[in-house]
Amino acid sequence: MILDPLTIIAISNIYIAIRNMRLGAKIRYLREVEGTLRGLGREMTQQEIVRSIKKELGKTISQSYLSQIENGARPHLTNSTRMLLARFFKVHPGYLVDDPEGYSTELISDVAVTESKLDLWLISGAERFRRDHDLHQALVTTARHKDSRMCLVLLGAILENPGLAERLLQVLQPRAERSHLHDLV
């Protein structure tokens, strides 16, 4: 399944907001995003990255070098490699270094960090259940909401009231969708 651009941006912003990312994790993340953007529905392999760089930019980098970067055996990039990867992944070259301890891209409170982690968890769950359209959409919609924590707390409150979830579903979903849901149960 191909993610829509808003979901990709949400995933990117959530992931980038996580603190203390190492260079290897950033490269793995960029391979994942690149695969999604190219419609693969999975991360690009290191070998696919190598081939794409050669084809699209006319430059070379070895798969073993990428592997060493990702597993931490090479903690730093040469300037030419940093510039090449930044150009390929369309990120600022400064992104391709380890984040200093406690680094954050913006001033955020602990609540915002918790919200970002929750949103990342919801997006991850949505991708795991991408074949179940209704569940996938519900998780993505919740993650996109400005207060996804409140959405989940609301869901908990609804479920604590016997019969309320079923009544709300009857009101909010068209009859055809409800019959489809009953077939799944």
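## Overall composition

Of the 185 residues in the protein, 35% are buried, where buried denotes under 20% relative accessible area, exposed over 50%, and partly exposed the range in between (1.4 Å probe, protein chains only). The model is a predicted one, in which local features need pLDDT of at least 70 and side-chain atom pairs count only at pLDDT 80 or more, while totals for chains, interfaces and linings use all residues. Residues are numbered from 1 along each chain as its sequence is written, and side-chain values use heavy atoms, with hydrogens and water left out.

The protein contains 10 helices and 0 strands; helices (H or I, at least four residues) and strands (E, at least two) are DSSP runs, numbered from the N terminus. The order along the sequence is α-α-α-α-α-α-α-α-α-α. A contact requires heavy atoms within 4.5 Å. Among contacts between residues at least 6 apart in sequence, 52% join residues at least 24 apart. The protein exposes about 12000 Å², of which carbon and sulfur atoms supply 58%; accessible areas come from the Shrake-Rupley method with a 1.4 Å probe, and for residues only the protein chains shown count as cover.

## Nonpolar cores

In soluble globular proteins, nonpolar side chains tend to be buried together. A nonpolar core is defined here as a set of buried Ala, Val, Leu, Ile, Met, Phe, Trp, Tyr and Cys residues joined through side-chain atoms within 4.5 Å. The largest such core has 24 residues, and Ile53, Ile61, Leu85 and Leu96 have the most contacts inside it. Helix H2 (23–37), H3, helix H4 (63–70) and H5 each give two or more residues to this core, with the largest share, 6 residues, coming from H2. Leaving out residues up to four places away in sequence, Ile61 touches Val50, Ile53, Leu66, Thr81, Leu84 and Leu85. A second, separate core of 7 residues includes Leu118, Leu122, Leu139 and Val140.

The buried residues of H5 are Thr81, Arg82, Leu84, Leu85, Ala86, Phe88 and Phe89, and they pack against H2, H3 and H4. Beyond this helix, Lys90 lies in the loop between helix H5 (79–89) and helix H6 (110–128). Lys90 has a positive phi of about 60 degrees although it is not a glycine. Its relative accessibility is 69%, so Lys90 counts as exposed.

## Salt bridges around Arg31

A salt bridge is a side-chain nitrogen of Lys or Arg within 4 Å of a carboxyl oxygen of Asp or Glu. By this rule the count comes to 5 salt bridges. One of them joins the side chains of Glu43 and Arg31 (3.4 Å, N to O); Glu43 lies in the loop between H2 and H3 and Arg31 in helix H2, 12 residues apart. Arg31 is buried, with a relative accessible area of 6%, whereas Glu43 is partly exposed at 36%.

Arg31 also forms a salt bridge with Glu70, the closest N and O atoms being 2.5 Å apart. Because Arg31 lies in helix H2 and Glu70 in helix H4, the pair ties together parts that are 39 residues apart in sequence. Glu70 counts as buried at 8% relative accessibility.

Glu34 lies in helix H2 and counts as buried at 9% relative accessibility. The side chains of Glu34 and Arg38 are joined by a polar contact of 2.8 Å. A polar contact is a pair of N or O atoms within 3.5 Å; within protein, one must be able to donate a hydrogen and the other to accept it, and residues adjacent in sequence count only if both atoms are side-chain atoms. Apart from neighbours within four places in sequence, Glu34 is in contact with Met44, Phe88 and Phe89.

Glu48 is found in helix H3 (residues 46–57) and is buried at 17% relative accessibility. Glu48 forms a salt bridge with Arg42, with the closest N and O atoms 2.8 Å apart; Arg42 counts as partly exposed at 38% relative accessibility. The side chain of Glu48 also reaches the backbone nitrogen of Thr45 at 2.8 Å.

## Nonpolar surface patch

Trp121, Leu152, Leu155 and Leu159 make a nonpolar surface patch of about 410 Å². Patches are made of residues with over 30% relative accessible area and no salt bridge, like charges being joined within 9 Å and nonpolar side chains (Val, Leu, Ile, Met, Phe, Trp, Tyr) within 5 Å. Helix H8 (residues 148–160) gives the most to the nonpolar patch, with 3 residues. Trp121 lies in helix H6 and counts as exposed at 54% relative accessibility.
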